[in-house]
Amino acid sequence: MVFSVNTNLSKVEMILEMRHISKSFNGLKVLEDVSFSLQLGTITSLFGENGSGKTTLFHIISGFIKANSGEVLFKGVNLNGNSSVEIARLGVGRVWQTPRICKNLSVLDNLVLASKSHPGESAINYFIRPRLIWQEEKKRKAIAAGISEDIGLAGKLQKTAGSLSFGQQKLLSTGMLLMNDCELLLMDEPFAGVNALMIDHISEVMLGLKKQGKTICMIEHNRTKAKAISDITLTLVKGVIEHKEKLSA
Amino acid sequence: MNYLLHIIIICEIYLILALAMNLLGGYSGLLSLTQAAFYGIGAYITALLLTKVGVSFPLALSVAVFFNLIACIPVIWFSIRLRDLFFALSTLAWQIVVFSLLYNWISVTNGPFGISGIPKPEMFGFRFGSLGEFALLGGVITGITLIFFIGLHRTPLSRLFQGVRDDQLAMMTFGKKPSYYKALAILISSGVSAVAGALFATYFSYIDPTSFTLNESILIISMVLIGGLGSVKGSVAGALFYVLLPEALRFVNIPDAVAANLRMMIYALILILLVMYRPHGFFGKYKFE
């Protein structure tokens, strides 16, 4: 089943296009001919029962598993055949249901670690341009401090990431994607396991990101809260997109 | 005085090994059982170059480090994709391979008979022949190693090594390749272990494969665990603890017939208590799990 969200938009404005994606595990069909596209700077919610294939879809977009057939186009570039690391470098970020952060590092170190193409990541740069490493380190720490304000963790930069609450860890992993300069954020149940206040805070952060031109696609079971900030909702039923709804967020 | 100098030299050698192991096991969370193999290769290459080729000590040391960087490629190749226990098992395999080579490649290593007559180091026309002179050389090399690791752990690279330890999936999510940082940690660690091997070979003037067994690898890991994972200070404390404690127990008035066994029992008991009540080791950043 094919859904092109906002069909009146040109292809250039579509940051992600999924074309006829199918995936099965040991003969069990998880996704069947799924097609949809995401418009730049929008929030899309993906609904569906457990086992309907939502997370598998995210795994395929972010390159952790390969589809049996179909194409994933990110800004017109076919992602098929790219590794998860390469896809992340292209600008597709992922916030996992359980936050994936470095729990023994400080919040600041987590944010700087996630930053894109830091010269200090390559051992050779310590021999050929050591000064650049420290200049960049300083710059990125300043950017990280700015992002920590955006996500509401400004006062916790020196705290160990593992000491943050579950909701704060989710915010931190979102902040890490921003440091990584991700254009598309795939968020797996951002409201799960956090209190109502934190849900509101996460919603505000997501709306702020949308304003900055980021595209968000989230899997969420809390439909009311998700719909409140979404432009589009898609519902997956047994691996097939059964329903789409355009909202006026 | 000679006894004290001997202890200082042994401390220096183990300190270098503990620092190298701490990068792997402590910062990067890679439990390597092959550290003694790297140490042994460094010692053998130095010994062979000094006794058979007659090169200078600095050149032998440099070649030993370089050779170790190449020798660790098989470890990188077969262990880099593995995690946790599987990584440890793959390094165990390499430890066994290297030990078997040292033991059985008699034409090169002289097998179980080892290599004797290894000359004392000579640099810039000065021979570090006496215990005091050797301790000084060892001190300088250990100091340089210490400064290298303190510096390394202040770089952004160290953060990435710790990222490998904490969450490899997170690293991939942010476009970092955990395998690159694992390979780098193994390379640095093996190169530094070769330095300890070179010191060991020239200090004792004799080496044989029994100095580079799995037990030695476990001893080095224990130093890092007891001192504390992910801490340079911890590695120093762990190395000193392991070298000095058995020596200190020599001065406890124990009957000769049971001295050795009782000493080992006291030693083991202290270790068990430490693991039970100080899971972070003396100064560790991470808990022993």
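Predicted model: local features only at pLDDT ≥ 70, side-chain atom pairs only at ≥ 80, totals over all residues.
How many bridges pair strand β1 of chain A with β2(A), and in which sense?

1. **The β1–β2 pair.** Strand β1 of chain A covers residues 14-25. β1 pairs with β2(A) over eight bridges, in the antiparallel sense. One position to look up is A:K23, which stands opposite A:L31 in β2(A).

2. **The four-stranded sheet.** These strands belong to an open sheet of chain A with the order β2-β1-β4-β5. Its pairing is antiparallel. β2 (28-39) and β5 (77-78) are the edge strands, and each pairs on one side only. As background, strands of a sheet pair through backbone hydrogen bonds, either parallel or antiparallel.

3. **The six-stranded sheet.** Chain A has an open sheet of six strands as well, ordered β6-β7-β8-β3-β9-β10. Here the pairing is mixed.

4. β6(A) and strand β7 (residues 184-188) of chain A run parallel and are joined by four bridges. Within this pair, A:V95 has A:M187 in β7(A) as its bridge partner. Strand β9 (residues 232-237) of chain A pairs with β10(A) in the antiparallel sense, over six bridges. There, A:L236 stands opposite A:I241 in β10(A).

5. **Strand β6, side by side.** Strand β6 of chain A spans residues 92-95. A:V92 and A:R94 point one way, while A:G93 and A:V95 point the other way. Are these residues buried or exposed? All are buried, A:R94 included.

6. **Helices across the sheet.** Helix α1 (residues 54-61) of chain A lies across β3 (43-48), β6, β7, β8 (215-219) and β9 of chain A. This helix runs at about 150 degrees to β7(A). Helix α6 (residues 166-179) of chain A lies across β6 and β7 of chain A. The angle between α6 and β6(A) is about 170 degrees.

7. **Chain A as a whole.** The chain holds eight helices and ten strands. Its radius of gyration is 18 Å, close to the 18 Å that the globule rule gives for 249 residues, so chain A is as compact as a globular protein of that length. The C-alpha trace spans about 55 × 40 × 40 Å along its principal axes. Buried residues account for 45% of the 249 residues. Among contacts in chain A between residues at least 6 apart in sequence, 70% join residues at least 24 apart.

8. **The contact between the chains.** Chain A gives 24 residues and chain B gives 20 residues. On the chain A side, the elements that give two or more residues are α2 (84-90), α3 (107-114) and α5 (130-150). α2(A) provides the largest share, four residues. By type, the chain A side divides into eleven nonpolar, five polar and eight charged residues.

9. **The nonpolar core.** In soluble globular proteins, nonpolar side chains tend to be buried together. In this model the largest nonpolar core has 148 residues. Those with the most contacts inside it are B:Y14, B:L17 and B:A18. Helix α1 (residues 2-27) of chain B supplies the largest share, 14 residues. Leaving out residues up to four places away in sequence, B:Y14 touches B:M223, B:A239, B:Y242 and B:V243.

Conventions
Residues numbered from 1 in each chain as written. Chains lettered and ligands numbered in written order. Pairing = 2+ DSSP bridges. Contact = placed C-beta atoms within 7 Å. Nonpolar A, V, L, I, M, F, W, Y, C, P; charged D, E, K, R; others polar. Rg over C-alpha atoms; globule rule 2.2 N^0.38 Å. Buried ≥ 20, exposed ≤ 12 C-beta atoms within 10 Å, placed from the backbone. Axes fitted to C-alpha atoms, helices over the stretch in contact; angles between N-to-C directions. Core = buried A, V, L, I, M, F, W, Y, C linked by C-beta atoms within 7 Å.
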